[in-house]
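Keep the selection tool at hand.

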Amino acid sequence: MTDILIVDDERDIRELISDILEDEGYTTRKAGTSDEAMAAVKSQPPALMILDIWLKDSTMDGIDILKVVKREYPEVPVVIISGHGNIEIAVAAIKQGAYDFIEKPFNIDQLMVVISRAMETSRLRRENVELKRQGTGPVEMIGASASFKSLKSNLEKVMRSNGRVLLTGPAGSGKELAARTIHAGSDRAGAPFVIVNSAAVEPDQMEDVLFGRESSDRGIEEGLLEKANGGVIYFDEVADMPPGTQSKILRVLVEQSFTRVGGSDKIDVDVRVISSTTRDLQAEIAAKRFREELYHRLNVVPIAVPPLSDRREDIPVLASYFIEVFNATQGLPLRDVSEEAVAMLQAMSWPGNVRQLKNVVERVLILGDGTGPIEAGELPGAESGGDDGAATPGTIALPTALATLPLREAREAFEREYLMTQINRFGGNISRTANFVGMERSALHRKLKSLGIVTGNKSGARVAYVAEDGSDQAEAS
């Protein structure tokens, strides 16, 4: 992009600068008044603007135009020129966001150096914006379980709308990836995806971060809302947002505008809002920690992101996917996963969900000695039952929990836990479970009934659980 807009009330100056720039391979447009300048910017923002401060027969001077351009088109660098230059004017221009200030009569070589640097700045800014739009990695959701398919279907339904979405689910389950999936499939896919980490920002800094700031010494500093204009702003862990900020965000959602900290001008924004939380916002409302009006504004389309325990069928394909990613990005070995290791991964508890599974895979690839299939003995907790919060097999602490029981009760408790784990591994499919455990399907049904195990739907998936009195026996999938 080499389009440069030259704004000067002296025709000779406009033509001179234009001829010089076009000889250097740039394309130019020219404007003699503030009205012509603003019309040119609105029709097509230039890569760079050369702007005279004093404009005869105009409703705005150069500083006024600079303020508007930096507010509405902050990515456009502006080089100020003036025949009445002084330090005060130069300082004022720089504070308002000008890239540089050149006094008339200017040296052509000096002008070309400044323009060259400004154009490079413009290019880097565009590339930076594009990288932010692309995100930090590929937007790819992996899985084939019933609960995953239900989640993917819900995400696809909201992609083309502009409705606000509230994603709920435990930490590490993939809420940010779900938000990025919505963005990537929407009409805003080419616009920014901006994350507000509500838990990581200090409460007294939250308004500066969101709304930006205006000050005499530092000029205009954009906030995240302005940077997200036209795209999506994602409030991660929205329950951690300070109460004072909650009321101001509520006003932004209603009015689609805000004022920078220290400023007075209204800034209009067009953003789609996606939020996420691991907390029960109804409980937060009851405890007076979250505004009920904001909750209803954000919770237009609620979508629950299931924990990994509800999608154990996806663990093998997720593990293989992470192995491929670590091979491509870190050069770690490209290994298969043995059947015994897959079974152990599916039987583990995963309090950290998909994020924890990814960490376990990376750990095994780094510490592993070979390039052959990953074996069960390489997994954390394979020998000791887990350490430092690592994923651990099953949900019973063996042998401590069983050691206090008579043999018959201990055997039943083990069989109950073992069969529930296997049923959940196979997404509630009784036939596949029977084949794996080596039982006839009818015999497995009888065993499940005797142990009080039934299956039912949860998060779109069929899972096993211990029946209440009077519940039906387990059903085949």
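Residues are numbered from 1 along each chain as its sequence is written. This is a predicted model, in which local features need pLDDT of at least 70 and side-chain atom pairs count only at pLDDT 80 or more, while totals for chains, interfaces and linings use all residues; side-chain values use heavy atoms, with hydrogens and water left out.

**Stop 1: aromatic pairs**

Rings of Phe, Tyr and Trp (its six-membered ring) pair if their centres lie within 6.5 Å; planes under 30 degrees apart are stacked, over 60 edge-to-face, and the rest tilted. The count by this rule is 5 aromatic pairs. Select Phe211 and Phe258, a tilted pair with 5.6 Å from centre to centre and 35° between the planes. Phe211 belongs to helix 8 (residues 206-211) and Phe258 to strand 11 (residues 257-259), so this pair ties together parts that are 47 residues apart in sequence. Helices (H or I, at least four residues) and strands (E, at least two) are DSSP runs, numbered from the N terminus.

Phe211 is buried at 4%, and Phe258 is buried at 4%.

Next select Phe426 and Phe436, whose ring centres are 5.7 Å apart with planes at 55°, so this pair is tilted. Phe426 sits in the loop between helix 17 (407-425) and helix 18 (430-437), and Phe436 in helix 18. Phe426 is buried, at 10% relative accessible area, whereas Phe436 is partly exposed, at 40%.

**Stop 2: the largest nonpolar core**

A nonpolar core is a set of buried Ala, Val, Leu, Ile, Met, Phe, Trp, Tyr and Cys residues joined through side-chain atoms within 4.5 Å. The largest has 30 residues, and Ile233, Phe235, Ile249 and Phe290 touch the most other members. Helix 10 (243-255) is among the elements giving two or more residues to this core, and its 4 residues are the largest share. Now select Ile249. Contact means heavy atoms within 4.5 Å. Leaving aside neighbours within four places in sequence, Ile249 is in contact with Leu210, Phe211, Phe235, Met241 and Leu294.

**Stop 3: a pocket**

On a 1 Å grid over the protein atoms alone, a pocket is an open set of points with protein on both sides within 12 Å along at least five of seven lines, a cavity is a set where a 1.4 Å probe fits but cannot get out, and lining residues have an atom within 4 Å of a point. Grid points are joined across faces, edges and corners, and a volume is the space filled by probe spheres set on the points.

The second largest pocket holds about 910 Å³ of space. Of its 33 lining residues, Gly174, Glu176, Leu177, Phe322 and Lys358 lie nearest its centre. Helix 13 (315-330) gives the most to this lining, with 7 residues.

**Stop 4**

Finish at Val337, in the loop between helix 13 and helix 14 (339-347). Val337 is partly exposed, at 22% relative accessibility. Not counting residues up to four places away in sequence, Val337 touches Ile323, Val342, Leu345 and Ile374.

Methods: Buried < 20%, exposed > 50% of the residue type's maximum accessible area, 1.4 Å probe, protein only.
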